Amino acid sequence: MKTRLLAAALVCCLSGAPIASFAQAPKKDEKKAPAPKSATEQAFDEFQKIRNQPGAKQDQARFQQLITAGTAFVMAHPANYRTNEVVNYLGVGYPMTIDAKKPELRIQYVSLLKLEVSNQKYKDGVTDPVKAALMGLDTAATEFEVRMANGARDSMQTFREKIDEVGGVPGGGRFVADREKAYLHLLMMMNQTPRAEEALKKLVTHKEKGVADMAKAELAMLEVRKVPVDFKATGLDGKPVDLATLRGKAVGLYFWTTGSKSSTDALTKLQQYASD
């Protein structure tokens, strides 16, 4: 009987009749290969390599390298969400890292950036999206100039005009939210909070969702600031601390941990600030 069953099984195999097959189950720890990056993501990665180049000296050669790479990305991918990040970094983020004790370097960087933007913007065949992105970059650089001038009235007026200009071109609205926020923060720093609040109330109905959302968030923060913070704790000296009793005075809150040397190193400076 066993011989007949074995023979039948062999016949089935040889005749091509379907029989159950067994495959090795995939291992649980096997990971799928990552999806290939888009051309835009690859281009952004290349910019990041230049941006994060270790030991890069802050000089004209470095400035030109960053500006050329960043501007090329902005022009090649004007509508990508990464473009705003590049614009903010080139226009404000990077120049803020340049030694404030060397204003001539900051001025040199911004001048090179604006020259590059101007050269590219007025070339033949520049599309509206590219033009809008370049204008957004120029406006970000103007924001940094205002910061260098500590909000001087004439520089603030120029900044305001550039924000309005970029917001009025096709595709320019996506570059407005960060600049509007910066403009309003500068007004607050100049003790013009009521003026900033009035502007925020108008921006709540802005046609660009990003601008409207920013305005709503900033208005909410202003409302929070109007209400005294209910904060009570026990100081290191064992005495109670109540912020309500300190209203009208300058109060600084510094968050630190003994596990962070950089944060504890700053305590000496904080003691000096307190004395001052």
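How many nonpolar, polar and charged residues does the lining of the largest pocket have? The legends below refer to a predicted model.

**View 1. Lining of the largest pocket, sorted by residue class.** The lining has 16 nonpolar residues, four polar residues and no charged residues. In total 20 residues line this pocket, and the space inside the pocket comes to about 890 Å³. V241, G252, L253, Y254 and W256 are the lining residues that lie nearest the centre of the largest pocket.

**View 2. Secondary-structure elements that contribute to the largest pocket.** Strand β1 (232-234) and helix α12 (267-275) each provide at least two of the lining residues. Helix α12 gives the most, with five residues.

**View 3. The second largest pocket and the residues at its centre.** This pocket holds about 240 Å³ of space. Its lining is made up of 13 residues, and P228, V229, L243, R247 and V251 are the closest to the pocket centre. By class, the lining of the second largest pocket comprises eight nonpolar residues, one polar residue and four charged residues.

**View 4. Packing of helix α4 against helix α6.** Helix α4 spans residues 81-97 and helix α6 spans residues 128-148. Their axes lie 9 Å apart and form an angle of about 25°. Angles under 35 degrees count as roughly parallel, and α4 and α6 are therefore roughly parallel to each other. The crossing of these two helices is right-handed. On the α4 side, the contact is formed by T83, V87, L90, G91, V92, P95 and M96.

**View 5. Packing of helix α8 against helix α9.** Helix α8 covers residues 177-189, and helix α9 covers residues 193-203. The angle between the two is about 155°, and their axes are 7 Å apart. Because angles over 145 degrees count as roughly antiparallel, α8 is roughly antiparallel to α9. Helix α8 passes α9 in a left-handed crossing. From α8, the contact takes in E180, Y183, L184, L187 and M188. From α9, the contact takes in T193, R195, A196, A199, L200 and L203. Eight nonpolar residues, one polar residue and two charged residues make up this contact of α8 with α9.

How values were computed: Residues numbered from 1 in each chain as written. Predicted model: local features only at pLDDT ≥ 70, side-chain atom pairs only at ≥ 80, totals over all residues. Heavy atoms only, no water. Axes fitted to C-alpha atoms, helices over the stretch in contact; angles between N-to-C directions. Helix = DSSP H or I, 4+ residues; strand = E, 2+ residues; numbered from the N terminus. Parallel < 35°, antiparallel > 145°, perpendicular 65-115°, else oblique. Left-handed = near helix turned anticlockwise from the far one by under 90°. Contact = heavy atoms within 4.5 Å. 1 Å grid on protein atoms, 1.4 Å probe; cavity = no way out; pocket = protein on both sides within 12 Å on 5 of 7 lines; lining within 4 Å. Points joined across faces, edges and corners; volume = space filled by probe spheres on them. Nonpolar A, V, L, I, M, F, W, Y, C, P; charged D, E, K, R; others polar.
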